[in-house]
Amino acid sequence: MEGIRLNGTFGSYRESTVHDTINDGGHQVPVKPGDKVFCSFVQANREAQFFPDPNTVRTDRPLDSYIHYGMGPHTCLGRDASRVALTAMLKVVGRLDNLRRAPGPAGELKKIPRPGGFYIYMRADHGSYFPFPLSELNSFFSPPSSFHSFLYCYG
């Protein structure tokens with residue numbers, strides 16, 4: 001969950017139901033009912049008020065503090081399955097011997113910063129961009145010293 005919190009690349013549009021003023025990076029933005037508001041999960045996941053020491057990976061944070069699966073009627077239907085799958089995947093990857101990035105350009109993540117803390121990622125062929133990482137290749141050695149490579153994607 002911490003990996004998604006720290007490397008998330010998304011947000012969500014919501015419709016306001018109240019009059020309010022939002023502090024958007026030092027700019028006061030008046031909002032009235034019916035206005036569409038973009039909620040940046042990237043910035044929300046770094047709020048020290050909700051995530052003390054926000055730039056540090058901490059596995060003891062309460063599960064209900066993570067918002068990237070939505071909340072209430074907007075909760076992702078795959079939330080529970082995704083949590084189980086991520087946990088299982090990390091247990092397997094964590095046991096790989098000598099896990100490391102592949103040498104040279106194949107082991108580099110082509111990550112391009114965008115406004116608001118978002119990123120886009122260059123595809124492996126350098127021909128276009130995608131909202132999720134696709135280009136970083138990793139390798140590991142496992143008994144009996146056979147070489148394996150796999151595409152390392154972030155969930």
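What relative accessible area does cysteine 76 have? From there, please lead me on to the salt bridges around glutamate 2 and arginine 5.

Analyst: Happy to! Before we start, this is a predicted model, so local features need a pLDDT of at least 70 and side-chain atom pairs count only at pLDDT 80 or more, while totals for chains, interfaces and linings use all residues. Residues are numbered from 1 along each chain as its sequence is written, and side-chain values use heavy atoms, with hydrogens and water left out.

Your cysteine comes first. Cysteine 76 has a relative accessible area of 37%, so it counts as partly exposed; buried means under 20%, exposed means over 50%, and partly exposed lies in between (1.4 Å probe, protein chains only). Cysteine 39 is partly exposed as well, at 30%. As for disulfides, the structure holds 0 of them, where a disulfide is a pair of cysteine sulfur atoms within 2.5 Å. In general, such a link is a covalent bond between the sulfur atoms of two cysteines.

Now to glutamate 2. This residue lies in helix α1, which covers residues 2-7; helices (H or I, at least four residues) and strands (E, at least two) are DSSP runs, numbered from the N terminus. Glutamate 2 counts as buried because its relative accessible area is 6%. Leaving out residues up to four places away in sequence, glutamate 2 touches Thr56, Val57, Arg58, Arg61 and Tyr66, with contact meaning heavy atoms within 4.5 Å.

The partner you asked about is arginine 5. The side chains of glutamate 2 and arginine 5 form a salt bridge, with 2.9 Å from N to O; the term stands for a side-chain nitrogen of Lys or Arg within 4 Å of a carboxyl oxygen of Asp or Glu. Both residues sit in helix α1, 3 residues apart, or about one turn of the helix, and both are buried. A network of salt bridges links Glu2, Arg5 and Arg61.

Arginine 5 also leads us to another residue. Asparagine 45 is in contact with Arg5, Phe51, Ile67 and His68, setting aside neighbours within four places in sequence. Asparagine 45 is found in the loop between α2 (41-44) and α3 (79-94), and its relative accessible area of 1% is why it counts as buried. From C-alpha to C-alpha, asparagine 45 is 7.6 Å from tyrosine 66 in space, although 21 residues separate the two in sequence. Tyr66 is also one of the residues that glutamate 2 touches.

How many salt bridges does the structure hold? There are 6, and two others are worth a look. Glutamate 15 pairs with lysine 36, their closest N and O atoms being 3.4 Å apart. This pair links distant parts of the chain, with glutamate 15 in strand β1 (residues 11-15) and lysine 36 in strand β4 (residues 36-40), 21 residues apart. Lysine 36 is exposed, because its relative accessibility is 59%. In another bridge, the side chains of aspartate 60 and arginine 58 meet at 3.1 Å, N to O. Aspartate 60 is exposed at 53%, whereas arginine 58 is partly exposed at 28%. Arg58 is also among the contacts of glutamate 2.

Finally, a word on confidence. The average pLDDT of the chain is 79, and 86% of the residues score at least 70; pLDDT is the predictor's confidence in each residue, from 0 to 100. Where pLDDT is low, the predicted coordinates should not be read in detail.
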